[in-house]
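Take a look at the sequence and the model below. This report walks through rings, helices and strands in turn.

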Amino acid sequence: MKAKLALLSTAILLSGCSSLTPNYNASLIIKNGQILTMNGDKTIFNDGVVVMNDDVIVAIGDKQLLTRYSAPKVIDAVDGIVMPGMINTHNHLPMIAFRGLGEEGIENRLFAYFFPLEGEKLSRELIYQATRLGTIDMAQSGVTTYADMYYHMDDMARATKEVGLRAVLGETVIKFPVVDAKTPYGGIDYAKQFIEEYKNDPLITPAFGPHAVYTVSEEKLQEIHQLSKQLDVPVLIHVSEFGNEAERIADNDEQLSPVAWLKKIGVLDERMVLAHAIHIDQNDIDTIKQSGAGIAYNPMANAKGATGIAPAWDMYRQDIPMGLGTDGPMSSNQVDLWRTLSYAANMQRLKHNDRTIMIPEQVIELATIGGARALHMDNTVGSLEIGKKADVIIIETQSPNMTPNYNPYATLVYQANPSNVVTTIVNGNIVMENRQMKNVDVKQVKEAMSVIEDDIAEFAKELAKKAITSPSLMK
Ligand SMILES: [Zn+2]
């Protein structure tokens, strides 16, 4: 509530300021674009203007604004769509170093392939370099905020800030030793230190990332819940990704669903972001709604992993805070949201046998303000409105695949691809302009990654053979 009031008073102050002071100076202006604000009314300004000062949007509207504002940097978005940066609500970004591996049809891929591969090959250097590559990939495709659950989050934060993106980074907590924690649940202490270091960062929101209900105990989830309240940080967790999670929860004698169990142990609240939520029923949806928790819907990863189709349309209609995610780069092989956009709609249409649901405007809502609501950041990002952070992307519409552009939402969901994104702005800083990355040497990042790839390749091939032939690894 406090944040909402602050936003409102900033808006009043700024609008008052602009009317009293012609030629009010701004730091950055975008003009001539077709602006999709994604505000509550989904206002569109054709031939519109977005005015930014430092990290904040100070005015938005039609071209009349150009008579009132000037800035040292003006971007001409002629023939372009201007919209809020997209929000990828669920990822494990450094796994981009492993993308394309383990595609041989391995049944228990998580335990027989992912975890052993990470056990052998993860390092701080891999996490840092892979995060740089992954954030470049996202910036180039119009993602300005991503949420992630992984290890050595301080290295991820460093790489993310270097490229210039915004992120919610959840340090993994899990019941066995991992690369950055030599004892079970060592991630809790790691997270506490990480949160302390990044608590007031303008781009990074530090968080806890308990892996799942079947890999973190009741007691540890309760400890994380208390800490998240005390430190006021989000908690990212996988929930109901698999159909058998209820039986895999320790001491779940009543066989409660994972959502009901989280409620029973007292940890489901408005700081939580639940990734997947595929195998849930209406009772679970009611419980989620009451709690205020957000949902990361990952349709493309869920299709590839054959884990099921989340009841996303039901949740959307019931106004559950929900955004789109890719899941890790081994789960959908993409970190941008373009293909996920059409999956988000098409999977629901197939599930409900109804071609009228989840129209493109609703899909773009999920990719922007919906994602912000899911991550509990809708007071600051997710739409282009006065007082919000200046996270803006420009998409060209002149390439053959973008022509014609009758309905910009449909053009984006069903025609666009990452290469149509020309400019990406985060927190008022230009991260990419005319496809050129501003803060980082892409060639140097790719060279650093190729050293890592060479080191992984042989081991990964052998591991795949073993995973397929060894029944013990399948448990
Ligand atoms: Zn995941």
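## Charges over rings

Arg-158 lies over the face of Tyr-128, 4.2 Å from the ring centre. A charge sits over a ring if NZ of Lys or CZ of Arg is within 6 Å of the ring centre and within 35 degrees of the ring normal. Arg-248 gives another case: its charged end sits over the ring of Tyr-214, at 3.9 Å from the centre.

## How to read the model

This is a predicted model, in which local features need pLDDT of at least 70, side-chain atom pairs count only at pLDDT 80 or more, and totals for chains, interfaces and linings use all residues. Residues are numbered from 1 along each chain as its sequence is written, and side-chain values use heavy atoms, with hydrogens and water left out.

The term pLDDT is the predictor's confidence in each residue, from 0 to 100. The protein has a mean pLDDT of 93, and 94% of its residues reach 70 or more. Over residues 1-21, pLDDT stays under 50. The model has 15 contacts beyond four places in sequence for residues 1-21; a contact means heavy atoms within 4.5 Å. Where pLDDT is low, the predicted coordinates should not be read in detail.

## Aromatic pairs

Rings of Phe, Tyr and Trp (its six-membered ring) pair if their centres lie within 6.5 Å; planes under 30 degrees apart count as stacked, over 60 as edge-to-face and the rest as tilted. By this rule there are 6 aromatic pairs. Phe-111 counts as partly exposed, because its relative accessibility is 27%. Phe-115 counts as buried, because its value is 16%. Here buried means under 20% relative accessible area, exposed over 50%, and partly exposed in between (1.4 Å probe, protein chains only). Ring pairs also link Phe-111, Phe-115 and Phe-176 into a cluster.

Trp-313 and Tyr-316 form a stacked pair, with 5.6 Å from centre to centre and 15 degrees between the planes. They are 3 residues apart in helix α11 (residues 312-317), about one helical turn. Both Trp-313 and Tyr-316 are buried. An α-helix has 3.6 residues a turn, so residues three or four places apart point the same way.

Helix α6 (residues 218-231) has 14 residues. At 1.5 Å a residue they should span 20 Å, and the end C-alpha atoms are 20 Å apart, which agrees. The expected span is 1.5 Å times one less than the number of residues. Which residues of α6 are buried? They are Leu-221, Ile-224, His-225, Leu-227 and Ser-228. Their cover includes β10 (166-173), α5 (187-198), β11 (204-210), β12 (235-239) and α8 (258-264). Just after α6, Asp-232 takes a positive phi of about 55 degrees.

Helix α12 (residues 338-352) has 15 residues. From first C-alpha to last it reaches 22 Å, close to the expected 21 Å. Its buried residues include Trp-338, Leu-341, Ala-344 and Met-347. Asn-353 follows α12 and has a positive phi, near 50 degrees.

## Strand β2 and its partners

In strand β2 (residues 28-36), 7 of the 9 residues are buried. Two strands pair if DSSP finds at least two bridges between them. β2 pairs with strand β3 (residues 44-53) in the antiparallel sense over 6 bridges. There, Ile-35 has Phe-45 as its bridge partner.

β2 runs parallel to strand β6 (residues 73-76), joined by 4 bridges. Leu-28 is the bridge partner of Lys-73 in β6. β2 also runs parallel to strand β7 (residues 80-84), with 2 bridges. Gln-34 stands opposite Ile-81 in β7.

Strand β18 (residues 429-433) is mostly covered, with 4 of its 5 residues buried. Strand β17 (residues 421-426) runs antiparallel to β18, joined by 3 bridges. Ile-425 stands opposite Ile-430 in β18. This hairpin has 2 residues between the strands, and Asn-427 takes a positive phi near 55 degrees.

β18 also pairs with strand β19 (residues 436-437), antiparallel over 2 bridges. Glu-433 has Gln-436 in β19 as its bridge partner. β18 and β19 form a hairpin with 2 residues between them, and Asn-434 in the turn has a positive phi of about 50 degrees.
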